[in-house]
Amino acid sequence: MRIGNICMRVSTGKKQIIAVSALLADIPGGVNAYIRNLCSGLSSWTDRFDFILFTNPRSGGPIPDWPNTVPFPLWRSNPISRIIQERLTWPRLIKRHHIDLFHSPVSYIPPGVKVPAVFTVHDLRAFHFPQTYQKLRVLFLQRQIPHSISQAQRIIAVSDYTRNDLIRLFSVPAEKIVTIHEGIDSKKYQTPTMNRDAILHKFQLPGRYLLAVGHLEPRKNYVRLFRALALLRDRFRIDLPLVVCGRKNWQVDEIQKEIDRLHLADQVRLFGAVDEADLIGLYQSAFIFIFPSLFEGFGFPPLESMAAGVPVVASNTTSIPEVCGDAALYFDPHDEEEMAERIYQLIDDPQLYKLQVVKGNENIKRFSWERCVRETVNLYHNALETAEIGA
């Protein structure tokens with residue numbers, strides 16, 4: 001189900017007040033991009049609603065362009081104390097600010113929120129890959145997500161894959177879930193942040209290198225990517241460097257062991273988390289982008305690479321084909337031989353390479369933050385109408 005382009009007013013009286021929780025706007029990765037771009041875009045819709053953003057002053061700064069924010073100093077040291085804090089604090093803040101609708105952008109509705117609410121589900125990784133979270137977090141998510149599903153007026157899924165996953169796992173009525181794709185700031189990745197020669201010199205890279213972006217953890221499937229890289233070297237006599245940008249999460253030792261076992265220490269460059277300007281420069285200077293992930297609810301890096309004019313080779317699983325469309329060459333993420341073959345196809349065929357660049361440029365036109373925000377505002381209208389009917 002998708003929300004149309006026409007916004008209907010819920011009432012002709014006083015504007016209703018929508019609260020958006022931006023407490024986790026500092027989380028690295030896609031959630032951060034979603035919260036910040038959504039909140040920034042909502043500033044164009046204040047003729048329809050009054051918005052209040054709840055922000056964590058300890059998270060490194062407020063959301064840009066939003067004067068109407070309410071501080072919520074979120075406790076981080078202890079998950080149990082944080083849950084208690086939210087359960088006690090949200091009812092008071094919601095009552096004080098006369099909130100009509102609450103939007104949680106982080107896959108669950110916080111404890112203590114008792115007004116009509118919507119929430120955005122980025123993925124259901126806690127149910128498919130629980131080992132990617134700390135145990136307390138898994139227990140919390142596995143309890144709170146089903147509770148949020150039953151509580152919510154409407155649910156936003158960032159992909160049809162995630163929407164279908166919700167229906168499959170929890171038997172959610174299809175009409176309750178709306179797919180709203182996230183956006184991509186194409187211009188940011190198309191505009192050079194620094195001279196290409198400067199990027200290559202700074203990171204000591206040759207003119208051609210492969211690039212992968214994502215946290216170092218088992219779900220990102222780097223071990224098989226390294227095996228594919230070894231196959232490229234041994235079978236096709238191709239030894240291009242592979243640059244990996246992403247912070248270390250867990251089981252990093254297994255990644256390093258595989259690099260050593262395959263004798264790839266001179267070929268694999270683990271750069272860790274690089275700043276945004278450097279990352280954009282690395283995208284723009286790359287030869288081929290590889291996305292071997294086993295599970296994604298959406299997946300920004302392939303779109304960022306396409307915007308930078310670099311062709312993509314990617315997994316054929318979860319939401320990735322939905323997001324990449326026909327602008328990627330796909331492989332089974334469990335098959336390193338197929339992965340190596342797809343990379344070699346792009347290296348070996350200049351015409352195919354150019355075609356995939358063109359397709360990538362077309363594909364990113366399907367995703368914009370403006371559209372994401374517009375469809376989200378339409379969903380707010382729909383959720384408030386549903387709440388009034390059910391009241």
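**Exercise 1. Determine the strand order of the open sheet and the sense of its pairing.**

Solution. The open sheet consists of 7 strands in the order β3-β2-β1-β4-β5-β6-β7, with parallel pairing. Strands here are DSSP runs (E, at least two residues) and helices are runs of H or I of at least four residues, numbered from the N terminus; two strands pair if DSSP finds at least two bridges between them. The edge strands β3 (69-71) and β7 (177-179) each pair on one side only. On average, neighbouring strands of this sheet are turned by 20° against each other, direction ignored. Axes are lines fitted to C-alpha atoms, for helices over the stretch in contact, and angles run from 0 to 180 degrees between N-to-C directions.

The model is predicted: local features need pLDDT of at least 70 and side-chain atom pairs pLDDT 80 or more, whereas totals for chains, interfaces and linings use all residues. Residues are numbered from 1 along each chain as its sequence is written, and side-chain values use heavy atoms, with hydrogens and water left out.

**Exercise 2. State how many bridges join β1 and β4, and which helix lies across β1.**

Solution. Strand β1 (residues 17-22) and strand β4 (residues 101-104) pair in the parallel sense over 3 bridges. Ala 19 has Phe 102 in β4 as its bridge partner. Helix α1 lies across β1, β2 (50-55), β4, β5 (117-121) and β6 (154-157), running at about 155° to β1; contact means heavy atoms within 4.5 Å.

**Exercise 3. Classify the aromatic pair of Tyr 34 and Trp 369, and explain what the pair ties together.**

Solution. The whole structure holds 21 aromatic pairs. Rings of Phe, Tyr and Trp (its six-membered ring) pair if their centres lie within 6.5 Å; planes under 30 degrees apart count as stacked, over 60 as edge-to-face and the rest as tilted. The ring centres of Tyr 34 and Trp 369 are 6.5 Å apart and their planes stand at 50°, so the pair is tilted. Because Tyr 34 lies in helix α1 (residues 30-42) and Trp 369 in helix α15 (residues 369-390), the pair ties together parts that are 335 residues apart in sequence. Tyr 34 is buried at 1% relative accessibility, and Trp 369 is buried at 11%. Buried means under 20% relative accessible area, exposed over 50%, and partly exposed in between (1.4 Å probe, protein chains only).

**Exercise 4. Describe the pair of Phe 298 and Phe 367.**

Solution. Phe 298 and Phe 367 form an edge-to-face pair, 5.8 Å centre to centre with 85° between the planes. Both Phe 298 and Phe 367 are buried. Tyr 34, Phe 298, Phe 300, Phe 367 and Trp 369 form one aromatic cluster.
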